[in-house]
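The following paragraphs lead through a protein model, from overall form to local detail and then to the contact between chains. Please keep the display at hand while reading.

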2 protein chains.
Amino acid sequence: MPRKKADSPNAPLAPGQAATINDIARLSGVSKKTVSRIINDSPLVRQDTREKVQALMKELGYAPDPLARALAFRRSFLIGMVYDNPTAQYIVDMQYGALDALRGTSFELVVHPCDTRSPGYIEGVRRFVQQQKLHGVILVPRASEDQALVEMLDQIGCRFTRIAALPLDETSATVVTHDRDGAAEAADYLLSLGHRDIALITGPSAYRSAHERTSGFLEALERRGLRLPPERIIEAGYTFESGVAAAEKLLLGGQRPTAIFTGNDEMAAGVYKVAMRAGLTIPRQLSIIGYDDSPLASRLWPSLTSVRRQTRDTGRTAAAMLIQPEGSALRTASVRPHLAVRDSCQPPEL
Amino acid sequence: MPRKKADSPNAPLAPGQAATINDIARLSGVSKKTVSRIINDSPLVRQDTREKVQALMKELGYAPDPLARALAFRRSFLIGMVYDNPTAQYIVDMQYGALDALRGTSFELVVHPCDTRSPGYIEGVRRFVQQQKLHGVILVPRASEDQALVEMLDQIGCRFTRIAALPLDETSATVVTHDRDGAAEAADYLLSLGHRDIALITGPSAYRSAHERTSGFLEALERRGLRLPPERIIEAGYTFESGVAAAEKLLLGGQRPTAIFTGNDEMAAGVYKVAMRAGLTIPRQLSIIGYDDSPLASRLWPSLTSVRRQTRDTGRTAAAMLIQPEGSALRTASVRPHLAVRDSCQPPEL
DNA sequence: CTGAAAGCGCTTACAG
DNA sequence: CTGAAAGCGCTTACAG
């Protein structure tokens with residue numbers, strides 16, 4: 001025998017059983033389709049019908065099942081976040097931001113760390129997107145900079161928002177973080193304190209963020225007539241250890257600079273270590289500026305002046321762009337960095 | 001007219017269209033039900049049938065749709081992670097660990113930060129679980145310690161795994177992190193270096209982790225005949241700022257201890273700040289041990305000796321417990337902490 | 001060991 | 001503005 005359903009016209013709801021669209025339709029005397037229209041904010045419903053049905057929904061605590069909607073829509077209510085090993089605070093802030101935008105909606109956040117250097121990673125993201133029929137994905141640097149990844153997503157018709165230091169192309173939805181401007185502000189600050197012998201420890205030049213921070217910093221110096229000699233510019237790897245190695249070159253032999261700007265806080269912590277070990281006093285003998293304004297910046301002693309990225313805002317904006325109605329979709333948004341001044345800089349000693 | 005389906009017996013697959021269970025059934029000449037049995041590893045399928053169908057699945061790159069399965073099962077393939085504001089590295093490590101266990105399965109990880117002090121948070125978790133029909137949730141401290149949360153989950157029949165410093169009850173699945181043992185190892189190490197005037201900065205006593213670390217530390221000292229006077233024990237809030245305040249009490253007036261153990265690395269960084277500001281040399285004049293082995297521990301100078309929690313292992317184990325077949329379910333697992341020795345301790349000056 | 005029918009809770013395509 | 005039918009891609013309950 002087929003399973004039977006309790007669909008007699010006025011059968012009350014089974015207690016403890018969540019209401020479905022069928023219950024709402026039956027008890028309010030309209031068709032499922034009309035209920036569906038109300039769920040989906042269709043204008044094709046008379047106002048009094050809408051109100052009557054909505055009142056019943058509220059009374060029964062009805063919420064449409066996202067799994068059923070997803071199956072019918074062929075698209076889930078999940079937003080993916082794809083990233084390749086950024087610092088923990090950055091990724092957590094990005095998650096909090098995205099969740100800010102998703103709160104109160106039916107959307108949830110699914111995380112997908114990956115390794116952009118591993119050969120199968122694009123295929124891994126494709127499976128992730130297609131299996132779960134994701135509504136869209138947020139691409140965090142450095143994954144966001146990978147053109148091959150973006151092409152794959154375009155090809156399978158997956159919405160995405162890129163987060164990037166600068167606009168990467170004409171077409172894709174992007175939250176631009178303007179790293180160039182943040183670095184320029186650091187340069188202006190050091191110049192305003194009177195520094196002239198300045199050094200720069202950059203992230204890997206293959207990262208757009210590193211490139212933007214470097215050129216933003218150097219161009220700001222050049223606007224004030226200062227051009228750094230090549231030996232004052234060292235490329236490192238955005239890691240603490242690489243910051244230590246770079247700082248050793250700058251501080252342990254020959255004449256040392258009076259100020260150092262590093263492409264992130266991790267490398268700045270490396271500079272601190274070398275400076276402390278060498279007995280240098282920060283900021284009296286050496287001024288330092290980092291980039292990220294991570295928790296580390298305020299934990300170090302003396303506390304580190306650093307460029308603050310509005311990471312949570314960035315994540316919120318990226319998620320909001322993905323869930324807004326198709327037509328109205330904003331293609332780009334901007335988030336501006338600014339310098340958080342603490343205790344690691346002062347005018348150079350004469 | 002009703003929508004028509006391409007279901008002629010040997011219709012080839014539409015190109016670019018993913019295969020469904022209907023395609024597999026039709027092309028391999030069995031019923032959907034048999035294909036379903038194979039998907040779900042039922043023993044009730046003849047071996048040759050199974051092999052024939054599996055070969056076709058592989059050829060067509062078929063993967064069952066988790067959304068459709070979820071709708072039919074009334075349970076999704078999503079694992080939730082519920083947490084209340086731990087440090088970024090801890091939560092990211094926990095996520096990586098959980099994802100390690102989910103890799104290669106159909107499960108994905110959905111994150112749910114919350115505020116256990118806000119009145120509606122349990123209701124928020126309930127909505128999260130019921131709306132998405134989560135397969136199960138991982139409860140991270142401090143959320144894992146909330147009995148009201150656990151009772152709600154039991155009541156709605158949601159699987160969960162708690163992560164906790166010690167077993168919290170007889171029944172719930174738990175990954176036990178044995179914080180007591182980690183703190184005891186820190187105590188033994190300080191004693192072995194010859195310290196006798198030792199101070200302790202604890203986390204909030206309402207946290208089980210703080211309680212366990214405190215009593216593990218004190219009991220290890222007592223086993224060696226040392227009992228700390230009350231003024232050597234200060235309760236703080238697990239934050240950097242509260243560590244600063246506690247360290248000021250210990251270091252700036254009267255006789256200072258020769259060693260301090262803090263309930264986490266954040267508070268240890270606060271001790272560093274106060275010590276540096278006061279011109280004390282670590283570890284010559286003051287030995288310090290933290291708890292967490294966060295990245296901060298190696299970024300500080302001198303690098304901080306700290307108790308390492310195997311957070312990634314913890315997350316992996318918790319997720320694995322949730323996705324294993326019902327019957328075989330392990331109820332508890334253990335992860336052991338151990339001391340990571342760095343440069344922040346030495347024998348006391350005479 | 002295998003299958004036909006009904007159902008999970010929604011939406012789409014069509015008709016009125 | 002509203003609705004009856006079919007479908008999304010699976011599983012369950014039952015029968016053989």
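The model is predicted, so local features need pLDDT of at least 70 and side-chain atom pairs count only at pLDDT 80 or more, whereas totals for chains, interfaces and linings use all residues. Residues are numbered from 1 along each chain as its sequence is written, chains are lettered from A and ligands numbered from 1 in the order in which they are written, and side-chain values use heavy atoms, with hydrogens and water left out.

Chain A contains 13 helices and twelve strands, where helices (H or I, at least four residues) and strands (E, at least two) are DSSP runs numbered from the N terminus. Its radius of gyration is 27 Å, well over the 20 Å that the globule rule gives for 350 residues, so chain A is more spread out than a compact globule. That radius is taken over C-alpha atoms, and the rule is 2.2 Å times the number of residues to the power 0.38. Along the principal axes, the C-alpha atoms of chain A fill a box of roughly 90 × 40 × 35 Å.

Of the 350 residues in chain A, 54% are buried, that is, under 20% relative accessible area, with exposed meaning over 50% and partly exposed in between (1.4 Å probe, protein chains only). Among contacts (heavy atoms within 4.5 Å) in chain A with a separation of 6 or more, 70% join residues 24 or more positions apart.

Helix H1 of chain A spans residues 21–28, and A:Asp23, A:Ile24, A:Ala25, A:Arg26 and A:Ser28 are buried in it. The buried residues of H1(A) pack against helix H2 (32–39) and helix H3 (47–60) of chain A. A:Asn22 also lies in helix H1 of chain A; at 30% relative accessibility, this residue counts as partly exposed. After H1(A) comes A:Gly29, with a positive phi near 70°.

Between the chains, 42 residues of chain B are in contact with 42 residues of chain A. The two chains bury about 3,800 Å² between them, 63% of it on carbon and sulfur atoms; buried area is the accessible area (1.4 Å probe) that two parts lose on being put together, summed over both. On the chain B side, B:Leu67, B:Arg299 and B:Trp301 lose the most area to chain A, together 20% of what that side buries.
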